[in-house]
Amino acid sequence: LPANEARWQSWVPRLPSRNNTDPLPVVRVEQVSVGLVVGLSVSLGVFVVAAGVLVVWLKGGARRRELRVAPGGPACALVFTDIQDSTKLWELNPTLMHQALAIHDAVMRATLHLHSGYEVKTVGDSFMIAFPTVTEACRFMLEAQAALCSAEWP
């Protein structure tokens, strides 16, 4: 312990005290001021960058939503699609299933545009599509099924 005490005492500047034996740390006002200014500057910089990222992200999301136009009117028809047993097909042959999914998606998108369909979202091999009328939705379903049956599959 005395060796350690001697070591830390050599690191701490000494100020004169009453008995000249107690080491007192020296903290200068300039050091505190510089530390405070640097700390506040870094905090402000992080805040400004975070605010900028948030603004860009929010504006970008608004722009993406403006690009899509959903069917207008008081009512619409929703169609949900899914490839039957796709999980098993992915497990059996992922390479062929990847090719088949690309064909499936191309057929679905080409057909939905012919019937004024609006692709709301796609998750995996499932589509959620909105149509202005039930008639258009039914025509899409029949034509999409026929197009899928006649597609050239791997």
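1. Lys121 stands opposite Met128, which belongs to strand E3, where strands (E, at least two residues) and helices (H or I, at least four) are DSSP runs numbered from the N terminus. This is a predicted model, in which local features need pLDDT of at least 70 and side-chain atom pairs count only at pLDDT 80 or more, while totals for chains, interfaces and linings use all residues. Residues are numbered from 1 along each chain as its sequence is written, and side-chain values use heavy atoms, with hydrogens and water left out.

2. Strand E2 (residues 118–123) pairs with strand E3 (residues 126–131) in the antiparallel sense over five bridges, pairing being assigned if DSSP finds at least two bridges between two strands. Two residues lie between the strands of this hairpin, and Gly124 takes a positive phi near 65 degrees.

3. Leu112 touches Gly117, Tyr118, Glu119, Ile129, Phe131 and Phe140, if residues up to four places away in sequence are not counted; contact means heavy atoms within 4.5 Å.

4. Thr81, found in strand E1, is buried, with a relative accessible area of 16%, since buried means under 20% relative accessible area (1.4 Å probe, protein chains only). Leaving aside neighbours within four places in sequence, Thr81 is in contact with Met108, Asp125, Ser126 and Phe127.

Terms used
Buried means under 20% relative accessible area, exposed over 50%, partly exposed in between (1.4 Å probe, protein chains only).
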